[in-house]
Amino acid sequence: MTDITREPEVIRLGKLEIRYLLSAEADASSLGSFELTVPPNANVPPAHRHANNDEYIYVLDGVLRYTVDSVTRDLGPGDSMFTPRGGVHAFSNPHSITARALIVQTPDIGPQYFRDIGAIVNAGGPPDKEKLFGVMARYGLTPAG
């Protein structure tokens, strides 16, 4: 049985914030979900694809620019997009207010991925791209281009 009383784990990646709500790691589920907070002009991951995960994004606040393959949209509250496994996707916030979105993945990539990325991104100085790409590869992510 899932412990619905536990506090969500908050993981910071530079200025980005991941608030893990449901993880396969903690809840023995294949579904994962987290709240993503993206301040204006924050550094974001490069466009990438997931070999093993479908991903759905639903914007809660602000406006988030989201791209799936060749389609780019500015998503506001209530807007959503779906990225199937293998689809190239990216996000950014070139707008003036912080954006917040709910991300649902199946199966869950898990919070350990974000902890591992955070250890590199939050180490100080420019992140080591080779190490970042190594972590991405371990979790089935491939940078696009």
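Author: S6 and S7 form a hairpin with 2 residues between them. This is a predicted model, by the way, so read every value as belonging to a prediction. In the turn sits aspartate 69, and its phi is positive, about 55 degrees. Take valine 68 as an example: its bridge partner in S7 is valine 71.

Aspartate 69 has a positive phi, and so does asparagine 41, again at about 55 degrees and although asparagine 41 is not a glycine. You'll find asparagine 41 in the loop between S3 and S4.

That brings us to S3 and the sheet. Here 6 strands make an open sheet in the order S1-S2-S3-S10-S5-S8, with antiparallel pairing. Strand S1 (9-13) and strand S8 (80-83) are at the edges with a single partner strand each, so one side of each has no neighbour in the sheet. Going from one strand to the next, the twist averages 20 degrees. Within this sheet, strand S3 (residues 32-38) and strand S10 (residues 99-106) run antiparallel, held together by 7 bridges. Have a look at phenylalanine 34: it stands opposite isoleucine 103 in S10.

Helix H2 packs on the sheet and touches S1, strand S2 (16-22) and S3. The direction of H2 makes about 35 degrees with that of S1. On the way from S10 to H2 there is a loop, and proline 107 is in it. A cis peptide bond joins threonine 106 to proline 107, with omega at about -10 degrees.

Helix H2 (residues 111-121) and helix H3 (residues 129-138) pack at an angle of about 175 degrees, their axes 10 Å apart. That angle is why H2 counts as roughly antiparallel to H3. On the H2 side the contact is made by Tyr113, Asp116, Ile117, Ile120 and Val121, and on the H3 side by Lys131, Leu132, Val135, Met136 and Arg138. Sort the residues of that contact by class and you get 7 nonpolar, no polar and 3 charged.

Ile117 turns up again at the largest pocket, where it is one of the residues nearest the centre, along with Leu13, Leu16, Val44 and Pro45. This pocket has a volume of about 650 Å³, and 33 residues line it. The elements giving two or more residues to the lining are S2, S3, strand S4 (48-50), strand S5 (54-61), strand S9 (89-92), S10, H2 and H3. By class, the lining has 23 nonpolar, 7 polar and 3 charged residues.

Notes: Residues are numbered from 1 along each chain as its sequence is written. This is a predicted model: local features need pLDDT of at least 70, side-chain atom pairs count only at pLDDT 80 or more; totals for chains, interfaces and linings use all residues. Side-chain values use heavy atoms; hydrogens and water are left out. Axes are lines fitted to C-alpha atoms, for helices over the stretch in contact, and angles run from 0 to 180 degrees between N-to-C directions. Helices (H or I, at least four residues) and strands (E, at least two) are DSSP runs, numbered from the N terminus. Angles under 35 degrees count as roughly parallel, over 145 as roughly antiparallel, 65 to 115 as roughly perpendicular and the rest as oblique. Contact means heavy atoms within 4.5 Å. Ala, Val, Leu, Ile, Met, Phe, Trp, Tyr, Cys and Pro count as nonpolar, Asp, Glu, Lys and Arg as charged, and the others, Gly among them, as polar. Two strands pair if DSSP finds at least two bridges between them. On a 1 Å grid over the protein atoms alone, a cavity is a set of points where a 1.4 Å probe fits but cannot get out, and a pocket is an open set with protein on both sides within 12 Å along at least five of seven lines; lining residues have an atom within 4 Å of a point. Grid points are joined across faces, edges and corners, and a volume is the space filled by probe spheres set on the points.
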